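Open the model in your viewer and keep the selection tool at hand. The stops below go from one chain to the contact between two.

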Number of protein chains: 2
Amino acid sequence: MGGGAPISVQSMTFSKTYDVEATLDQIRRLCSAGCDIARLSVPDQKSASALERIKRESPLPIVADIHFNYRFALIAAQSADCIRINPGNIGGGARVKEVVKACKERGIPIRIGVNGGSLEKRIEAKYGSTAEAMVQSALYNVKLLEDQDFLDIKISMKASDADRTVEAYRRLRPLVDYPFHLGLTEAGTAFHAAIKSSIALGALLLDGIGDTMRVSITSELEEEVRVARAILRDSGRQPSGVNIISCPTCARLQSDLKSAVDEIERRTAHIAKPLNLSVMGCAVNALGEAKHADAAIAFGNRSGLIIVRGKIVGKYDEGELVDRFLEQVERL
Amino acid sequence: MGGGAPISVQSMTFSKTYDVEATLDQIRRLCSAGCDIARLSVPDQKSASALERIKRESPLPIVADIHFNYRFALIAAQSADCIRINPGNIGGGARVKEVVKACKERGIPIRIGVNGGSLEKRIEAKYGSTAEAMVQSALYNVKLLEDQDFLDIKISMKASDADRTVEAYRRLRPLVDYPFHLGLTEAGTAFHAAIKSSIALGALLLDGIGDTMRVSITSELEEEVRVARAILRDSGRQPSGVNIISCPTCARLQSDLKSAVDEIERRTAHIAKPLNLSVMGCAVNALGEAKHADAAIAFGNRSGLIIVRGKIVGKYDEGELVDRFLEQVERL
């Protein structure tokens, strides 16, 4: 993580972590959906103890999410691949020292997870509920680990609004070298969580900020991963699969573009290689877009041109256009 | 538009513009969906001539979208509220002068619409398909209008990728004072267009850039407006209606949070007043988030606290919690 590695996608199981089979089942589903790292919450002793059995069979690295209780952290550190805990709220220096020692021995990192909704009272009193307060909270928690010569740190700073979240990461980026875990907290229902996460995480990814990320959505298990992957792709940070560029319909349109685009999306869903396909409804922008696409259709009046890597390869009737186009795409 | 006015949302009809009834029907649907401005494409003489009848009954201001043909622009300028045309491609200075004269007489603005897929050959040869090329194209077209003492200008610079689009607007912002129309071009199918537009337009809105915007989606007529409104709200640029902050489900959860959130979203959909509601599944972040919310639920074990403007107003069983909560919300 960090140092030029691809940006990894995380999500979180919502089974009771002590229910080993249910948790493994969710981890496997996340894995199939394209998730790189699974986070499991550890709110009690039996969940902490279950991590060993889960880790043994998990197809993904697991992060143990712990609040306040350093003993759960000590147990989790025996098997998890990372501990998420804020050293500032586990009850003092001696406990921080013990947790750090356990993580050092196993060579696993600690993620500091600053949350805009639960800042240290002292910091919130001084800075208010601001991005700067989140930065100060992160720096305070980082220092507690650095004081123990522990440098295997990741940092997240999540607020429930895009503005504060983006500002916090932007302010902290020049101040530390640790990898950043991006996310919003409590982003809401599926539609707005996707939009809000795209705004916040997208703005940061466009800045080149971010090493791993989670999209938080109150929805089905796989949805967080689907949206996270889309944000990575659509921000241009991780090309994967087919990217279809198509124009919105307008009055210049003389063909059923929407059906063609839907069919092309469906019939290219299996392609993993990054390919830019352009499907345009008229000549106004079609030839320009086609230059940047691996393959393109420029629809005309009941027929269309197929263009591959900038060269026109043929003109076909509407009826066979999509089939001929997909032959060219498969060849690529 | 511009100068501190609220950011307006545009969309485009896809009826044949010369079909006056169909076009008016689409404009009315856009208006009901929350659209502020309707753009109509004008690819032929009869569409240009239809604008007068459309304008007479349109509930929204209309923008005539014209490519290449200055005569359509002269007709459109008699009734449209704005002309979108690139003066650089209408065939020389005399024609630019005529179009400017027509717009001046009616006091309507011109939108320069730079498109990454159809840049001036000379500019593309020098700068490549870059953000800077889009900026240079905008400046070239602006100069053609300024040379005629025409300053009632809006500018858009749309590419099909978030990166180039964001960079172009950021580069041009300090160079001119004109209002910016934000958008991506050919953003693709519904899911990816929403994500990609949120990334690009969101990044710009967070920077304080943007005076009007269009989200391009190959989908149903109303979808562009729905996504645009969500981007405005979720970027924090235009609070409206109920904003529900809810945590993603995790193993700490002891209640059916998703059902509660869905029910609250459904039963507050009619509320236009901006309200922040927080629905949290456990105590870890609930009380912190509740401080920033107008009303909040902190679920516990088969019961929950209701918090209004930071004050606990009661603890209720799960069965009646949502009803009691919504009573408090209605009171706000």
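Which strands of chain B does helix H12 lie across? Select residues 318-331 of chain B: helix H12 lies across E10, E11 (295-299), E12 (303-308) and E13, and runs at about 145° to E13(B). Angles run from 0 to 180 degrees between N-to-C directions, with axes fitted to C-alpha atoms, for helices over the stretch in contact. Helices (H or I, at least four residues) and strands (E, at least two) are DSSP runs, numbered from the N terminus.

This is a predicted model, where local features need pLDDT of at least 70 and side-chain atom pairs pLDDT 80 or more, while totals for chains, interfaces and linings use all residues. Residues are numbered from 1 along each chain as its sequence is written, chains are lettered from A in the order written, and side-chain values use heavy atoms, without hydrogens and water.

Next, show the open sheet of chain B, which has mixed pairing and the order E9-E10-E11-E12-E13. Strands pair if DSSP finds at least two bridges between them. At the edges are E9 (242-246) and E13 (311-317) of chain B. E9(B) runs parallel to E10(B) (275-280), joined by five bridges; among them, Val242(B) has Leu275(B) as its partner.

Now select 257-267 of chain B, helix H10, where Leu257(B), Ala260(B), Val261(B) and Ile264(B) are buried (under 20% relative accessible area, 1.4 Å probe, protein chains only). These buried residues fall within an arc of 95° seen down the helix axis, so they line one face of H10(B); the arc is that of the directions from the axis to the C-beta atoms.

Finally, select Asp207(B) and Arg170(A): they form a salt bridge, with the closest N and O atoms 3.9 Å apart. The term means a side-chain nitrogen of Lys or Arg within 4 Å of a carboxyl oxygen of Asp or Glu. Chains A and B have four salt bridges between them.

Conventions: Contact means heavy atoms within 4.5 Å. Buried means under 20% relative accessible area, exposed over 50%, partly exposed in between (1.4 Å probe, protein chains only).
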